[in-house]
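Have the model open while you read.

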Amino acid sequence: MRKSEKEFTEQNLFNIKKLFYDKLALNEPPTVTRSDSSFYPPVLYPSDPSAQTKKSMNKRKKYRKAIYIPVTAALSLCLVTGAAASVGIIDLPSILHFLGADRIGILQPVHQVSEDQGIRMEVIGAVRDGDTTEIYVSLSDLTGHRIDDTLDVYDYRVTGGNANNAQIIHYDDANQTAIVRFLIQGKVSKNRITVQINTLMSGASRQDGYNVQVDWKQLLQEKQNNSYEILERDRISGLGGTTDIQLETDPIRVLHQDVTNIPISGIDWMHISNLGFVEGKLHIQINPNNEIGEYNHGYFYFTDEQGQKLDIPQYSISYGRYIKNGVDIGGDYDEYVYDLSAVNELDKLRLQGSFTSISEVIQGNWKTTFNLSENGLSKTGNVQLDANGASQANVTLSAVGVTLTGEALSKIRVEDLSIEVHLKDGTKLSGASGFLQLDQDLIKWISPKTIPVNDVSYLLINGERVTLQDE
C-alpha cells in the first residue's frame with residue numbers, strides 16, 4: 001500500500017477519536033489537547049452593497065448526483081491505513097488555519113461533498129448557538145480557474161432562519177480554493193440542515209468615474225412635456241434607496257421603455273434606454289442587453305465641476321418581469337430617480353457611474369444535507385444604543401458571538417458599533433469590526449474567538465455596560 005506523503009499527527013488522532021466516540025455515543029472525553037491558541041483573523045472581501053438587491057434569483061438546472069462521504073466510511077479507512085490526511089479525514093485546523101484553535105473547537109465536523117459543473121463544494125464544519133447557524137464551506141474548481149478571491153455566492157439557500165449572509169473569508173491561491181462562511185439567523189426547528197448553491201460568480205471588477213454625456217439643455221426644455229407610464233404592481237420586482245413611496249397605494253411612475261440608446265463608454269452590458277424628468281424628478285432608465293447584464297450591477301451619481309460627489313436624494317425601481325427557462329426572473333429594467341430640486345445650476349452637474357462587472361457566471365446545483373446539534377448555552381441583557389433612548393436593543397451572548405435585536409436597528413450603522421466582552425478573570429475580548437446587519441431589526445457580532453459564556457462578567461457595547469442574565 002502506498003505510503004502517505006503527509007505526516008500523521010496527534011491532531012489527526014484527536015479528530016479520529018472524537019468522530020469515533022461521537023458516532024458510538026460513548027462520550028469519552030478527548031485525551032489529546034491542542035496547545036496552539038493563536039488566532040489569525042479572517043480575511044474579508046467586502047462586496048458592493050448594491051449587489052444585495054440582486055439576490056432574488058431562482059434558477060434551477062439539472063445536476064450531477066451529489067457525492068456524499070459518510071463519516072463511518074472515512075473513519076474506517078483511516079483506522080485501517082493509518083494515513084488520515086491521504087484519505088480525506090476532516091482536519092479542521094489544517095483547513096481553517098486562519099481560525100484560532102479555540103474557535104475551531106466549537107465547530108462540528110461535517111465533511112459533506114457535492115460536485116457539479118466541475119466545481120467541488122464541501123461543507124467543512126458548522127456550529128449552531130440557537131439563534132445563529134455558522135457554516136464553513138470550501139469551493140474548488142476541479143477543471144479550470146473559475147474560483148478566485150472575487151468569488152460571490154450569488155444564489156443560495158440554507159434551511160432555517162429568517163436572515164442569511166454568505167461571505168468569502170479566505171482564499172487559498174495555491175489550491176484555488178475559497179472558503180465561504182454562511183451565517184443563518186433565526187431559530188431552527190430541526191437538526192437537519194441543507195446548504196444549496198445555484199449560482200456562483202467570479203472575476204468581479206469595480207470601477208468608478210464612468211462619464212455619461214447628458215444634454216442638459218435639451219432635458220430642461222423637455223422637462224414639462226415628458227410622458228410616462230404607471231406600472232402595474234405585479235411588474236415591480238424591487239425598490240431601493242431612500243423613498244417615501246407606499247408600494248401598496250401610490251402610483252409608480254416610470255419612463256417609457258427603450259426610447260433612447262445611450263451607450264456608456266467602457267460598459268458593454270447595458271445602455272441608457274431612456275432619460276428624462278417625471279414630475280420634477282430626473283429618471284435614468286437602463287436596460288441590461290446581454291446575458292451577463294443580469295448579474296452586473298452599479299449606480300449613477302452626480303459631481304460638481306470640481307469632481308466632488310454630491311449628496312442627492314435618490315431611489316431605484318426594478319421592473320419588467322419576464323420568464324426565462326420556465327422561471328420568473330424579475331425585472332429587466334432598472335430606473336434610477338433623483339430629486340434635483342435643491343440644485344440651482346443643473347447644467348453644471350456631471351453624471352457619472354460606478355459599476356461592477358462580472359466575468360464568470362457558473363450555474364449548477366450544489367447541495368448537501370447534514371445533522372447539526374445545538375450549542376444552547378447563552379446569556380441575555382439589553383442596551384441603549386443612542387443618547388435619546390430611541391434605539392433599544394435586546395442582547396444575546398453565545399459562544400459564537402453577540403446578537404442585537406430591536407425595532408430601530410436599521411438606523412444604526414454597523415461601522416459605528418464597538419464591543420468588549422469582559423471576563424471574570426479581568427481579561428477581555430474586543431472588536432470594532434465583525435458586525436453584520438442580517439435584517440432590519442437584527443445585527444450580529446461574530447467573535448474571532450470562542451466566548452466562554454459562563455466566564456463572562458459583562459459586555460460593553462459602544463461604551464454602555466450590559467449586565468447579563470442566564471437565559
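1. S140 lies in strand β3, which spans residues 132-141. Strands here are DSSP runs of E with at least two residues, numbered from the N terminus, and helices are runs of H or I with at least four. This is a predicted model, so local features need pLDDT of at least 70 and side-chain atom pairs count only at pLDDT 80 or more, while totals for chains, interfaces and linings use all residues. Residues are numbered from 1 along each chain as its sequence is written, and side-chain values use heavy atoms, with hydrogens and water left out.

2. Is S140 buried or exposed? S140 counts as buried because its relative accessibility is 13%. (Buried is under 20% relative accessible area, exposed is over 50%, and partly exposed is in between, with a 1.4 Å probe and protein chains only.)

3. The side chain of S140 makes a polar contact of 2.8 Å with that of T177. (That term means a pair of N or O atoms within 3.5 Å; within protein, one must be able to donate a hydrogen and the other to accept it, and residues adjacent in sequence count only if both atoms are side-chain atoms.) Setting aside neighbours within four places in sequence, S140 also has contacts that include G118, I119, R120 and I147, where contact means heavy atoms within 4.5 Å.

4. T177 takes us to β6. β3 and β6 pair in the antiparallel sense over 9 bridges; pairing requires that DSSP finds at least two bridges between the strands.

5. How enclosed is β6? Since 9 of its 9 residues are buried, β6 is largely enclosed by the rest of the structure. T177, I179, R181, L183 and Q185 are buried on one side, and A178, V180, F182 and I184 are buried on the other.

6. Now look at D148, in the loop between β3 and β4 (152-158). D148 counts as partly exposed because its relative accessibility is 21%. Its side chain makes a polar contact of 2.6 Å with the side chain of T150. D148 and T177 are 29 residues apart along the chain, with their C-alpha atoms separated by 7.4 Å.

7. Last, the packing. The largest nonpolar core has 44 residues, of which L96, L404 and L459 touch the most other members. β26 gives the most to this core, with 4 residues. (A nonpolar core is a set of buried Ala, Val, Leu, Ile, Met, Phe, Trp, Tyr and Cys residues joined through side-chain atoms within 4.5 Å.)
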